[in-house]
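Notebook open, structure loaded. I'm jotting down what I look up as I go.

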Amino acid sequence: MSKRFDAERLVVATFAERPDLLARVFEPEIQSALPEFMRHDPGAALYYGDGHLEHYREFGLVAFDPAAPERPLARAFSVPFAFRDELPERGWDEVIRWGYLDRTAGRRPTAVSALEIMVAPHLQGGGISRLMLNAMRDNARRLGFADLYGPLRPTLKDKEPLTPFAEYAVRRRADGLPWDPWVRVHVQAGAQIVKPAPTSMVVAGTIAEWSAWTRLRFDKSGPTIVPGALSPVHVSLEQNHAVYIEPNLWVHHRLSP
């Protein structure tokens, strides 16, 4: 397959419809699109771990080619939550926590937050992410929600991790659209940019753990550039830990009836 793959021929289903594909979307063909260190955010466990994901089958999507229906090519996950006074600074981690707390307390969700859209690396750039975003919007609407939020991970921010996130987030092309391709896709789909989430995801580990996750040697303390990270990782050899704090960008899709 190549980037000329016709995204429009894909079928998108919920995991309620295709439960057989739930485990398969975490296999390397899709999972390899995610930097290894991002799989170690403890906040994710309240959604992805210990059976929690079973509660969100209607909010997870999988895309496949009808010619090969047992092979998932993309996945998307979202979480329902009860909106508080404002979107959290702790973005991704906090909205997962809100969703968990609301579900276990029996509170009625009033909105949905996107958590991720991930496409098999060999198919990226072919319009599948846009297809999955539109499917996520349609699915939230189908489930009775009028608002879809999302803490976005801008596609190209990892290419310039030293650029302040607030500066990067407001960058525009000559036509006025966002410079970052993924933010631009959301705006073109009708989203409004709300605000940065400066501490959206926090990943901490020992020096040995970070070396295993990245295959890098950490031999000095201080801010360290790690491939795939949107900002420097803070390394302390003296304390035997490294911490990554990822900023995201909150957007809001107002869904028409």
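This is a predicted model: local features need pLDDT of at least 70, side-chain atom pairs count only at pLDDT 80 or more; totals for chains, interfaces and linings use all residues.

I started at Glu89 and listed what it touches, skipping residues up to four places away in sequence: Lys195, Pro196, Ala197, Pro198, Thr199 and Ser200. Contact here means heavy atoms within 4.5 Å. Glu89 and Pro198 are 109 residues apart along the chain, yet their C-alpha atoms are separated by 6.0 Å. Glu89 itself is in the loop between strand E3 (72-81) and helix H3 (91-105). At 41% relative accessibility, Glu89 counts as partly exposed. The scale I'm using is buried under 20% relative accessible area, exposed over 50%, and partly exposed in between (1.4 Å probe, protein chains only).

Residues are numbered from 1 along each chain as its sequence is written, and side-chain values use heavy atoms, with hydrogens and water left out.

Next I looked at Thr224, in strand E7 (residues 222-224). Is Thr224 buried or exposed? I get 17% relative accessibility, so it counts as buried. Its side chain reaches the backbone oxygen of Gly222 at 3.1 Å. I count a polar contact as a pair of N or O atoms within 3.5 Å; within protein, one must be able to donate a hydrogen and the other to accept it, and residues adjacent in sequence count only if both atoms are side-chain atoms. Leaving aside neighbours within four places in sequence, Thr224 is in contact with Phe218, Pro232, Val233 and Val235.

Then Ser231, in the loop between E7 and strand E8 (233-236). Ser231 is buried too, with a relative accessible area of 14%. Which backbone oxygen does the side chain of Ser231 reach? I found that of Ile245, at 3.0 Å. With neighbours within four places in sequence left aside, Ser231 is in contact with Pro161, Tyr244, Ile245 and Pro247.

I moved on to helix H6 (residues 181-188), where Trp182, Val183, Arg184, Val185 and His186 are buried. Their cover includes strand E4 (111-119), helix H4 (128-142), strand E5 (147-152), strand E6 (192-205) and strand E9 (241-254). At the start of H6, a side-chain oxygen of Asp180 comes to within 3.1 Å of the backbone nitrogen of Trp182. After H6 comes Gly190, with a positive phi near 115°.

Most residues other than glycine have a negative phi. Asp50 has a positive one, near 50°; it lies in the loop between helix H2 (45-48) and strand E2 (60-64) and, at 80% relative accessibility, counts as exposed. Arg215 is not a glycine either, and its phi is positive at about 60°. Arg215 is in the loop between helix H7 (207-214) and E7, and at 81% relative accessibility it counts as exposed.

Last, I stepped back to the whole protein chain. I have it at 7 helices and 9 strands. Buried residues make up 49% of its 257 residues. Among contacts between residues at least 6 apart in sequence, 73% join residues at least 24 apart. The C-alpha trace spans about 55 × 45 × 45 Å along its principal axes.

How values were computed: Helices (H or I, at least four residues) and strands (E, at least two) are DSSP runs, numbered from the N terminus.
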